[in-house]
Amino acid sequence: MKLSYKWLSEYVDMNGITPQELADKMTTAGLEVEGIEPMAQGTNLVIGEVMECWNHPDSDHLHVTKTRIGDKPEDVYQIVCGAPNCRKGLKVIVALPGAELPGGTIGNKPVRGQDSSGMLCALFELGVDKKVLSEAQLAGIEELPADAPVGERDVFGYLGLDDTILDVSLTPNRADCSAMWNMAKEVGAILHREVKWPDCMDRINDGTEGTFKVASETEKCPAFTGKVVGHVKVGPSPKWMKDYLQAAGMNSINNVVDISNFVMLETGQPLHFYNLAKLPAHEITVRDDIEMKMTALDGVEFDIKKGDIVITTGGEPTGIAGIMGGEESMIDENTEAIFIEAANFDYASVRRTSIRLNLLTEAAQRFAKGVEPMAMEKAVARSVELLEKYADASGFEKTVFCGAKNTEERIVKETLTHCNDLLGTQFTMDQVAETLKWLDFRPEISGDEITCHIPTYRTDIERPADIDEEVIRLIGFDTLPSTLPYMSATVGRMSAAQNLRRVTRDVMMSFGLNEIVTYTLVSQEYIDNAFLPLENPIALAMPMSEARKYIRSSLINSVLECVQYNEAHQNTDNCFYEISKVYGKDREEERLAVVLAGSLMKDRLHGIDTKGDFYAMKGILNALLDRFGLGGTRVHINENKIDTVHFHPYRSAEIFLGNQRLGVFGELHPDYAERFDLKRTVYAEINLDLLLSAKASHVKFTALDRYPAVSRDIAIVVERETPAQKILDVIRRAGKKLVRNMEVFDIYEGEHIGEGKKSVALSITYQAPDHTLKDDEITSAHEAILNELKKQLNAELRG
Amino acid sequence: MDKIKEVQEEALRAIQEASDLDALLQVRIRYLGKKGSIQALMGEMKSLPKEEKPAFGQKVNTCKQEVTAALEERQKELQKKAVAERLEKEKIDITLSGDRLTLGTTHPLIMIQQEIEDLFLGMGYKIAEGPEVEQDFYNFELANIPKDHPARDMQDTFYIDPNTLLRTHTTAMQMRELEKAKGETPIKLICPGKVYRRDDDDATHSHQFMQCEGLVVGEHITLADLKGTLEFMANRMFGEGRKIRFRPSYFPFTEPSVEVDVSCPFCNGKGCSVCKGSGWIEILGAGMVHPHVLEMNGFDSEKCSGFAFGVGLERVAMLKYGIDDIRNFYINDVRFLKMFDRFD
């Protein structure tokens with residue numbers, strides 16, 4: 001909110017406290033001051049009069065003036081001025097040589113050959129907010145009234161610009177401070193100074209018996225206060241009121257409307273003044289069961305729905321409660337009698353309606369943040385006082401009211417012990433009581449117990465903890481000691497899954513992969529092209545853009561987009577991984593995505609090039625599974641039959657743990673890769689939940705081999721389609737327990753090998769745990785293997 | 001006799017003159033071989049009188065031993081020399097680069113997350129987890145932010161349907177943990193994770209970001225305990241000697257609520273461009289768990305109390321590493337990622 005320092009001084013003695021000091025103290029107490037703006041800035045200013053004005057001989061727009069700032073001959077200055085409205089007889093603001101203005105220091109030097117001592121000023125040149133200035137004021141120098149006192153040095157005082165505005169950021173619980181009176185109380189509590197509110201509360205009782213009736217047919221309007229003012233005289237507002245409204249960012253309209261706004265700013269109660277003559281009946285009923293179209297001030301139509309609070313009079317809707325009044329009954333210059341409405345509307349309802357209709361009026365925003373129950377009476381009483389004083393008001397009728405008066409003050413009890421216990425402090429009863437006294441909580445002390453009487457505007461104070469917060473924030477957080485919790489010991493430990501997630505990152509890092517984190521929200525296109533997506537993708541009710549419309553159901557497109565970005569920025573060998581959850585309507589799943597676009601490791605000098613191909617990916621996944629204790633026979637690599645849209649049909653595979661599919665890995669289908677401008681790229685997307693929850697085998701020691709191993713290399717020719725694994729399976733079975741290890745070390749197709757055949761070279765290691773193998777043992781095992789290979793796979797030993 | 005001496009001297013000279021192992025082998029053959037000079041001397045013994053034979057034989061043997069010893073020694077010398085020569089030929093350019101065996105990197109946000117996790121694991125906290133697609137109930141209702149509460153404005157929400165949303169803060173996880181505890185204390189946990197708000201992405205705003213919150217509930221937990229805990233954290237994350245400052249604030253789920261500043265690690269509190277001259281940097285929000293939150297979750301707020309705090313991981317990373325644009329974390333340019341190749 002915009003807080004006028006000068007206005008604040010009307011209620012609290014600000015003597016000896018600069019705006020900066022006030023701002024610092026408020027911020028420390030929880031009312032953060034985000035900016036301090038003087039209404040206007042400038043030194044060495046004085047009011048002057050243009051005595052003579054002629055055109056500058058060397059310019060088509062400059063004027064040369066003789067301007068006087070006093071009656072003596074030396075009080076006349078020659079000043080060059082560029083404003084089009086500069087003319088003889090005008091009363092002006094003069095910045096004398098040496099004046100410090102927001103734009104710089106005013107000099108004393110010729111302008112295009114003409115002497116110029118000083119400057120005639122426009123208000124914006126003095127730092128006045130352009131938003132509050134008229135077009136004329138923005139186009140030229142300020143035109144002061146004809147009776148402006150020449151020689152007056154307190155120019156800002158004369159103009160009512162001798163004020164500083166603090167921009168205060170209020171937390172939602174302190175909406176009460178958006179009322180000046182309440183803000184003053186808060187400042188009083190911070191500064192330990194008395195606060196004086198205008199003494200007008202008994203004016204609520206002014207007036208004679210009348211006939212106006214008010215009623216509420218909805219619990220969303222729990223209280224409604226009104227008052228007929230039989231006679232008002234519409235005219236301009238007093239200058240001080242205009243100034244304060246301007247300081248708060250509001251424009252002056254006329255005295256009556258200004259009073260309704262001014263009182264709202266003072267008390268926090270939004271008011272509505274009706275032109276009594278234009279009300280079809282002397283009756284107002286609040287309802288929330290109306291459905292209709294309502295035309296507002298500017299001709300825009302609004303859909304009123306059931307549940308919206310509506311003001312009706314004589315059976316006809318006339319306004320949307322707390323948000324906007326009707327045009328018919330607006331106050332204008334001919335208004336002679338008014339009806340004052342000060343009501344309490346359900347904040348939630350006003351909030352919903354104003355958001356739906358996009359009518360975020362000042363009143364609506366105040367209602368939406370909550371208005372304290374007593375504000376109605378304060379506002380009506382204050383209105384009576386000001387209308388009488390500044391709008392010649394008379395003919396008051398008795399205040400009419402419907403609903404429940406909820407003005408009982410709240411009592412909150414706290415003990416000194418509990419307060420110190422929660423805060424970890426050792427405040428004395430005197431310290432605490434003093435603080436609460438300045439807040440007007442009227443603390444009553446009885447032993448350890450403090451009974452607080454909470455003013456009605458402090459709707460945020462409900463519990464002992466709220467009292468404790470007031471105590472610490474006003475005594476000061478700098479008094480708070482530092483301790484560590486004193487409690488029974490707890491074990492800090494990661495869950496198994498949390499541990500394994502870190503293991504995954506370690507493995508990925510050790511292979512040179514960089515971790516990425518990409519956005520969860522994706523486009524329709526990404527959802528349509530998801531890989532093994534979770535069923536029923538989740539759409540946002542109100543997305544911010546087409547690109548961020550869905551919660552992703554797989555990772556593939558986000559990850560490929562990241563590779564695409566990097567390739568486009570000349571980053572090569574982009575090997576990444578991401579760990580993230582993906583979502584469908586009914587479940588979530590954590591996934592690991594790995595992408596290899598280029599080499600994992602490359603060094604031309606030393607002849608290293610670990611290409612990020614299918615086998616590199618398989619190696620990475622195997623290493624990961626081994627690290628999880630899930631390697632060996634539980635893992636199956638099968639032909640990819642599930643997704644050949646994203647994947648190369650012959651260079652990809654499904655990976656299983658037992659009978660559960662972990663995911664698919666392999667080369668991307670060139671058509672799909674091309675969508676992201678990618679060349680050969682290898683990708684894997686794995687269900688990490690299955691891995692994190694799988695039961696791993698225990699690490700177990702086995703005795704080291706004591707007897708020598710013997711290796712035999714063979715090369716066999718088999719059908720091209722025969723998978724290597726099949727050959728190894730045959731060898732393993734045929735070799736019984738003597739085969740300790742097998743390694744395929746070469747595959748060859750081409751010359752000297754028959755059409756449709758391939759040669760597989762492999763090394764078989766024989767070893768027994770309990771004796772040194774004899775030659776004939778090995779030979780017979782080896783021959784048994786060759787026989788089986790021949791029998792099962794039609795394998796020929798290559799010569 | 002002189003002959004022996006003559007042969008010995010000649011042999012020793014030849015040994016010294018042999019410049020490599022091959023030449024030495026020739027010397028060995030010439031003098032010690034079956035047809036060598038020394039063997040020939042033995043042959044001469046036949047023609048000597050019987051009584052001279054032993055002395056002569058002894059002399060020849062001595063000669064043989066001395067020549068052999070000299071040969072062995074020279075052999076070692078030459079072997080050493082040969083090795084040295086071979087090694088010299090093997091000289092490499094040690095200034096050429098080593099094999100490019102690069103390690104990968106962990107995302108800077110995850111590094112910060114792990115750093116905070118480790119810090120609190122060491123103090124006996126556990127790490128909670130929870131869903132990002134969350135119920136309004138856990139994200140707002142249990143956190144003391146009922147429908148139409150003005151505080152809902154503070155975090156504009158991605159709703160999926162009236163009861164489901166993308167969590168706006170990791171507080172949702174705290175609420176799940178509180179509910180799960182069924183009133184049992186102590187509770188000590190942190191809950192890191194992704195959160196989402198309706199913000200337009202720019203240099204300082206992101207519709208997706210990461211938070212880590214902490215929660216402690218037990219008997220006699222105080223606001224001063226919160227301060228001590230956060231001081232400990234600040235010292236670990238931003239270096240020793242950091243100070244903590246509390247400023248009053250408002251969160252619906254804590255009372256009292258505070259904004260927490262840490263003394264600027266770049267200027268040590270003297271004032272610099274990072275802290276905009278104030279000497280302090282706003283780093284997190286915290287407070288004492290609101291008694292109503294405790295009660296809604298089945299705790300007796302008379303008997304126990306707790307504190308909670310929440311920190312934005314992007315904010316910490318940006319401060320720590322001087323990153324000026326939050327979008328960097330989600331663009332994942334490899335050049336950016338590789339800057340964070342170690343813990344710091």
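Colleague: Where is B:E9 found?

Modeller: B:E9 is found in helix α1 of chain B, residues 2-17. Keep in mind that this is a predicted model.

Colleague: Is B:E9 buried, partly exposed or exposed?

Modeller: Partly exposed. Its relative accessible area is 43%. Buried would mean under 20%, and exposed over 50%. B:E9 also belongs to a negative surface patch, together with B:D2, B:E6 and B:E10.

Colleague: On to salt bridges. How many does the structure hold?

Modeller: The general idea comes first. Side chains of opposite charge can pair when their charged atoms come close. Over all chains, the structure holds 65 salt bridges. One of them joins A:K2 and A:D167, at 3.9 Å from N to O. A:K2 lies in strand β1 and A:D167 in strand β10 of chain A, so this pair ties together parts 165 residues apart in sequence.

Colleague: Which residue forms a salt bridge with A:E186?

Modeller: A:R473 does, with the closest N and O atoms 2.7 Å apart. A:R473 sits in helix α13 of chain A and A:E186 in helix α5, so the pair links parts 287 residues apart in sequence. A:R473 is buried, at 5% relative accessibility. A:E186 is buried too, at 2%.

Colleague: What separates A:E470 and A:R473 in helix α13 of chain A?

Modeller: About one helical turn, because they are 3 residues apart in that helix. They form a salt bridge, with the closest N and O atoms 2.8 Å apart. Both are buried.

Colleague: Which residues are linked in a network of salt bridges?

Modeller: A:R174, A:D176, A:E186, A:R458, A:D460, A:E470 and A:R473.

Terms used: Residues numbered from 1 in each chain as written. Chains lettered and ligands numbered in written order. Predicted model: local features only at pLDDT ≥ 70, side-chain atom pairs only at ≥ 80, totals over all residues. Heavy atoms only, no water. Patch = residues over 30% accessible without salt bridge, like charges linked within 9 Å, V, L, I, M, F, W, Y side chains within 5 Å. Areas by Shrake-Rupley, 256 points an atom, 1.4 Å probe, with all protein chains shown as cover. Salt bridge = Lys/Arg side-chain N within 4 Å of Asp/Glu carboxyl O. Lys, Arg positive; Asp, Glu negative; His and termini not counted. Charge placed at Lys NZ, Arg CZ, Asp CG, Glu CD. Helix = DSSP H or I, 4+ residues; strand = E, 2+ residues; numbered from the N terminus. Buried < 20%, exposed > 50% of the residue type's maximum accessible area, 1.4 Å probe, protein only.
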